[in-house]
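Subject: Structure for your review

Dear colleague,

Please find below the structure that I am handing over to you. My notes on what was found in it follow.

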Amino acid sequence: MLFSKAQKKEAPAFRVNETEVELLYNHYIQDGDNSAVTGGEGTERLIVYGPTFNYKKEFGKNGLDFQFGVDVISSASTDNIDNIMSSASRVDTRTYSNLHYTEHFEKNKLSINIGLGASIESDYFSIGKYIGASKVSKNDMQTYSAQLQIFNDDLRWGRLDGGFLASPQFLIYPVELRFQEWYDEYERDSYNLNLGFTQVVDQRNSIGVFGILSLQKGLLATPFHRIFFSDDTEAVEQFPNKRHKMALSLKWNKFTGGGIIFKNTLGTYIDDFGILGLTLDHETAIKLSPKWTLLPSFRFYVQKESKYFEPLGVHSPNETYYTSDYDLSSFRSTRFGLGWRHWPAARKNKGLHIFSLQYFLYHRSDGLTAHTVSTSFNFKTKRARARKKKQ
Amino acid sequence: MKRSLLNMLSIAFMGILLCSCSTALKPYERQYVNDPEMAMSGSSIVKFQHYVCAIREGALVAEGNKGSGGCGCN
């Protein structure tokens, strides 16, 4: 009798409310000699100071994710829009923000998320809309995810230069080419469908397949990218007003003995501008102790150029589409990374949760070199709350 | 490289078919696969690297969701 009463007594049920705040700073420096602003030859020197604030809150069945960041860009090549001779670097600012809301349906192990975002620069304004879903299988061995992203961009200049949020005025062309309008549109729309599948293979291995299908429409060229033709005449970059892209990645994560984790990615990319890309990416996480992790990484990428690309002075003025942007040329690139991650409060429910510091060296076979230093402070608060009883 | 994309697609589908037959793990057997370092999605630092690569290279990164718009024209 006593036993059966004890059995009927329900154990108190708790929900964990979790708040996560991340302060991230990315410092990016780049240099090269193939700027598209000066037609494929000229400095690509660029410094980006990029602080970001991320806020994530899980409350019961719902989740909120907010991001706000600023990239302060000091760019010598952008300065050359107005003046072909190099001078002191021009400073531009890109401000961006995103808000995502997630609803979890515990019974079906399903999550639905929606989001809105915006970013603004002196010559660019973008609105992003997101909707997606993810599902975990009954036995927690597989996950499936899908997300649709829509970006509506406006490439007109003047929102930040004529006073904050002033009306956009016009597309900005190189100073010597402002005698005519080169394009009949100023908007760019992007539709991305992201698909993902992950599978736990065994106690130490999991794999993932990720794909993206993308359609871009509108003004796809950058108005201040110069072209110098073979007959010494000059124009701005021209592209078709539609671009289809497809990328596929296979990932394999393995937890080996001795606390070493290998994360491998093989990626391919193809689009109708003629670009083909192949990526090999490897990250290792070496757990030196429960609180310290070392993070070496290596990435190799090879690209076949766009059918619209030629170096300075090679394009014929009779062509319809042309670019001398070396980001769309044939090259190989390598990236080495090293960093560490510290978990000072692994077992506490409040305070600094993770601190990370990472450095990356990027080198492209055409001579472009970039350095990135990133630091992240991640704070977490966990609180257990008793669930409300249903009346 | 077009062929390598097709090969990858077939490997991916074969892998999915094979792996979907694997037996479920008990909660106490998930110590390694649930480790935060085993997460498929990268940290914010790794996502920034995806963003840089998407600008400096002509390709998209499949698992690197674009977080916000921007010309990346510098």
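Through how many residues does a hairpin join strand 8 of chain A to strand 9 of chain A? The hairpin between strand 8 and strand 9 of chain A passes through two residues. Please keep in mind throughout that this is a predicted model.

**Chain A in outline**

Chain A contains two helices and 19 strands. Its C-alpha trace spans about 100 × 45 × 35 Å along the principal axes. Of the 391 residues in chain A, 36% count as buried. Where contacts in chain A link residues at least 6 apart in sequence, 56% of them join residues at least 24 apart.

**Strands 7, 8 and 9 of chain A**

Strand 8 of chain A, residues 187–202, is joined to strand 7 of chain A by 13 bridges, and these two strands run antiparallel. Within this pairing, A:Ser145 has A:Gly196 of strand 8 as its bridge partner. Strand 8 of chain A is also joined to strand 9 of chain A, by 14 bridges and again in an antiparallel arrangement. Here A:Leu193 has A:Leu213 of strand 9 as its bridge partner.

Strand 9 of chain A also holds A:Ser206. Is A:Ser206 buried or exposed? A:Ser206 counts as buried because 24 C-beta neighbours lie inside 10 Å, and the cut-off for a buried residue is 20 or more. Leaving aside neighbours within four places in sequence, A:Ser206 is in contact with residues of chain A, including A:Thr198, A:Val200 and A:Asn253, and with B:Val33 and B:Met38 of chain B. A:Ser206 and A:Leu155 are 51 residues apart in sequence, and their C-alpha atoms are 42 Å apart in space.

**Nonpolar cores**

The largest nonpolar core has 51 residues, of which A:Ile172, A:Ala247, A:Tyr269, B:Leu60 and B:Ala62 touch the most other members. Among the elements that give two or more residues to this core are strand 2 (46–59), strand 9 (205–218) and strand 12 (242–255) of chain A, together with helix 2 (44–56) of chain B. Helix 2 of chain B provides the largest share, six residues. Apart from this core lies another, of eight residues, including A:Met141, A:Val200, A:Leu295 and B:Tyr32. In soluble globular proteins, nonpolar side chains tend to be buried together.

Within the largest core, A:Ile172 is one of the residues that touch the most other members. With neighbours within four places in sequence left aside, A:Ile172 is in contact with A:Ile81, A:Asp123, A:Trp157, A:Pro223 and A:Phe224.

**Where the two chains meet**

The contact between the chains takes 80 residues from chain A and 45 residues from chain B. On the side of chain B that touches chain A, the elements that give two or more residues are helix 1 (2–19) and helix 2 of chain B. Helix 1 of chain B gives the largest share of that side, 10 residues. By type, the residues on that side of chain B divide into 23 nonpolar, 14 polar and eight charged.

Helix 2 of chain B has 13 residues and reaches 18 Å from its first C-alpha to its last, close to the 18 Å expected at 1.5 Å a residue. Its buried residues include B:Ile45, B:Phe48, B:Val52 and B:Arg56.

**Loop residues in chain A**

A:Lys109 is in the loop between strand 4 (90–105) and strand 5 (110–121) of chain A. Although A:Lys109 is not a glycine, its phi has a positive value, near 50°. A:Lys109 is partly exposed, with 14 other C-beta atoms within 10 Å.

A:Asp140 is in the loop between strand 6 and strand 7 (142–154) of chain A. A:Asp140, likewise not a glycine, has a positive phi of about 60°. With 15 other C-beta atoms within 10 Å, A:Asp140 is partly exposed.

A:Gly313 is found in the loop between strand 16 (297–304) and strand 17 (331–342) of chain A. A:Gly313 is partly exposed, with 15 other C-beta atoms within 10 Å. Not counting residues up to four places away in sequence, A:Gly313 touches A:Phe228 and A:Ser230. A:Gly313 and A:Asn192 are 121 residues apart in sequence and 35 Å apart in space, C-alpha to C-alpha.

With kind regards

Notes: Residues numbered from 1 in each chain as written. Chains lettered and ligands numbered in written order. Predicted model: local features only at pLDDT ≥ 70, side-chain atom pairs only at ≥ 80, totals over all residues. Core = buried A, V, L, I, M, F, W, Y, C linked by C-beta atoms within 7 Å. Buried ≥ 20, exposed ≤ 12 C-beta atoms within 10 Å, placed from the backbone. Helix = DSSP H or I, 4+ residues; strand = E, 2+ residues; numbered from the N terminus. Contact = placed C-beta atoms within 7 Å. Nonpolar A, V, L, I, M, F, W, Y, C, P; charged D, E, K, R; others polar. Expected span 1.5 Å × (residues − 1). Pairing = 2+ DSSP bridges.
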